[in-house]
Amino acid sequence: MMLRYQSSARKRLLLITASSPEIGRVRRVRVLNFQQITMPYLAALVPDDWQVIHVDEVVTAVDVASQVDLVAMTFHTPSAFHAYELATQFRRRGIPVVLGGPHVTLVPDEAQQYADVIFVGEAEQQWPKFLSDFATGQYQRRYSAIGLPNLDNAPVARKDLFHRRDHTAGRLFATRGCAYHCDFCTLRVMYRGLVRQRPVAAVAAEYASFAGKVIIFWDDNLASDLDYAKALFRAIAPHRKWWSSQASIQAGSDPQFLELAARSGCKQLFIGLESISQASMDEAHKGFNRVDDYARVIERIHSYGIAVQAGIVFGFDHDTEAIFSDTLDFLEAVGVQNATFNILTPYPGTRLYRRLEAEDRILTRDWAKYNGRQDVVFRPRQMSALTLLDGYRYANRRFYSPLSISRRLSRSPVGLWWTLPLNLAYLSARWFDQRPRIQPSSARPSEHQ
């Protein structure tokens with residue numbers, strides 16, 4: 001299907017990194033809220049005859065009265081209904097709206113109802129084509145990725161469109177995708193289990209271009225190819241910056257990876273431990289996480305002066321009420337510097353969602369509640385939804401309590417000069433308790449179900 005639009009001589013493109021007020025309240029206690037890279041990256045592919053405006057809703061509200069020719073939004077599942085409402089307001093004014101990002105790829109038919117155009121999958125192949133189609137007055141309703149984009153010529157994201165004060169000097173990516181197929185993860189749907197890499201020299205040049213000291217690699221798993229990672233670390237080491245990224249636990253099993261990472265300026269790795277229950281890891285098809293190795297791997301990472309931020313998920317079918325205190329006992333015993341706790345959330349399109357739906361255990365399809373922190377959206381197997389929510393909140397309170405901070409940082413004082421202030425910042429923000437909001441059925445219109 002082809003749609004027509006009469007372009008003007010000077011076109012104005014509004015890019016929106018959408019974030020709903022509800023998810024903003026859920027995440028208000030996050031001391032670090034790193035800038036998303038999608039829109040500044042796609043802006044680098046926009047022809048020069050467009051004026052590009054980027055609104056990041058974490059920083060600035062969207063003005064739906066903006067005089068623009070085209071609106072494009074990216075968003076995650078918890079912000080879906082909010083993004084749809086914004087899209088509706090712009091379309092009422094006759095402004096075409098493009099929707100893309102993780103949620104659109106997960107449920108494209110739903111998103112199509114609220115947009116003139118949607119992008120399914122990775123956008124950079126089809127984005128320039130769409131802009132060309134738009135300029136000629138004709139475009140399709142749906143652009144789907146053809147294969148997976150090669151990153152050899154990936155552009156550098158536009159630095160002038162980063163708006164968050166996130167305590168970093170720069171954000172970039174070296175690789176994209178993850179080779180693992182964990183049931184609860186959306187990456188499998190987004191990237192089809194394949195990993196691609198940018199040329200090391202290109203990444204190192206972008207890394208060097210940032211004026212400040214602290215850099216974030218927005219990679220799904222920087223350790224997906226250890227040889228590539230080691231080459232990258234050698235290339236960025238001369239620039240003497242500090243960096244952090246996400247990596248699988250396999251990174252902690254390779255001493256050379258850790259040595260080169262430390263020499264190149266790595267200060268912290270986010271490691272998705274997920275659970276201290278091996279049965280839960282096997283259940284989620286993440287059995288390569290060997291729970292018996294956790295303590296040894298964390299100790300090895302610490303030995304290179306690299307802090308560990310542990311990713312933990314509560315709510316697997318093997319989890320009983322003991323999982324909360326047992327997990328905190330473990331994290332304190334091994335001296336983990338930081339942790340991110342999440343409630344297991346079955347995002348649409350994942351194997352976890354399909355299984356729980358088949359078992360009639362999905363409690364709501366109100367996507368605003370798929371936030372992983374304030375709502376339980378499925379029926380746990382060995383505890384009530386309220387118990388799961390209370391256990392999650394207990395974990396946050398205890399982990400960032402004065403006693404736990406003292407235990408953990410004295411056990412492993414890696415990076416104490418910055419991990420202590422960060423923990424104290426979370427301590428001051430941790431009193432975020434709200435009444436539980438567990439819904440037995442969707443509060444949204446039936447077309448979203």
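The model is predicted. The angle at which H13 and helix H16 (residues 402-411) pack is about 40°, and their axes are 6 Å apart. On the H13 side the contact consists of Leu 331, Glu 332, Ala 333 and Val 334, which meet Ser 404, Arg 407, Arg 408 and Arg 411 of H16. By class, this contact of H13 with H16 has 3 nonpolar, 1 polar and 4 charged residues.

Helix H13 (residues 322-334) also packs with helix H15 (residues 385-399), at an angle of about 20° and with the axes 9 Å apart. H13 and H15 are therefore roughly parallel to each other. The crossing of H13 past H15 is right-handed. From H13, the contact is made by Phe 324, Ser 325, Leu 328, Asp 329, Leu 331 and Glu 332. From H15, Thr 387, Leu 388, Gly 391, Tyr 392, Tyr 394, Ala 395, Arg 398 and Phe 399 take part. The residues of the contact of H13 with H15 divide into 8 nonpolar, 3 polar and 3 charged. Leu 331 and Glu 332 are among the H13 residues that touch H15, and Leu 331 and Glu 332 also meet H16.

| Helix pair | Angle | Axis distance |
|---|---|---|
| H13 and H15 | about 20° | 9 Å |
| H13 and H16 | about 40° | 6 Å |

**Sheet S3-S2-S4-S5-S6-S8**

Six strands form an open sheet in the order S3-S2-S4-S5-S6-S8, with parallel pairing. Its edge strands, each pairing on one side only, are strand S3 (50-56) and strand S8 (142-144). From one strand to the next the twist averages 15°. Within this sheet, strand S2 (residues 11-17) and strand S4 (residues 70-74) pair in the parallel sense over 5 bridges, and Thr 17 stands opposite Thr 74 in S4. Helix H3 (residues 80-92) packs on the sheet and touches S2, S4 and strand S5 (97-100). The direction of H3 makes about 165° with that of S5. Helix H6 (residues 127-135) lies across S2, S3, S4, S5, strand S6 (117-120) and S8, and runs at about 160° to S4.

A search of the whole structure finds 28 aromatic pairs. One of them joins Trp 50 and Phe 134 in a tilted arrangement, 5.8 Å centre to centre with 40° between the planes. Trp 50 lies in strand S3 and Phe 134 in helix H6, so that the pair links distant parts of the chain, 84 residues apart.

**Sheet S9-S12-S13-S14-S15-S16**

Another open sheet is formed by 6 strands in the order S9-S12-S13-S14-S15-S16, and the pairing is parallel. At its edges are strand S9 (170-172) and strand S16 (338-343), each of which pairs on one side only. The twist here averages 20° from one strand to the next. Strand S13 (residues 242-247) pairs with strand S14 (residues 266-274) in the parallel sense over 5 bridges, and Ser 245 stands opposite Leu 269 in S14.

Helices lie across this sheet as well. Helix H8 (residues 200-209) lies across S9, strand S12 (214-217) and S13, running at about 165° to S9. Helix H17 (residues 416-429) lies across S13, S14, strand S15 (307-314) and S16, and runs at about 40° to S16.

Technical notes
Residues numbered from 1 in each chain as written. Predicted model: local features only at pLDDT ≥ 70, side-chain atom pairs only at ≥ 80, totals over all residues. Heavy atoms only, no water. Axes fitted to C-alpha atoms, helices over the stretch in contact; angles between N-to-C directions. Helix = DSSP H or I, 4+ residues; strand = E, 2+ residues; numbered from the N terminus. Parallel < 35°, antiparallel > 145°, perpendicular 65-115°, else oblique. Left-handed = near helix turned anticlockwise from the far one by under 90°. Contact = heavy atoms within 4.5 Å. Nonpolar A, V, L, I, M, F, W, Y, C, P; charged D, E, K, R; others polar. Pairing = 2+ DSSP bridges. Phe/Tyr/Trp six-rings, centres within 6.5 Å; stacked < 30°, edge-to-face > 60°.
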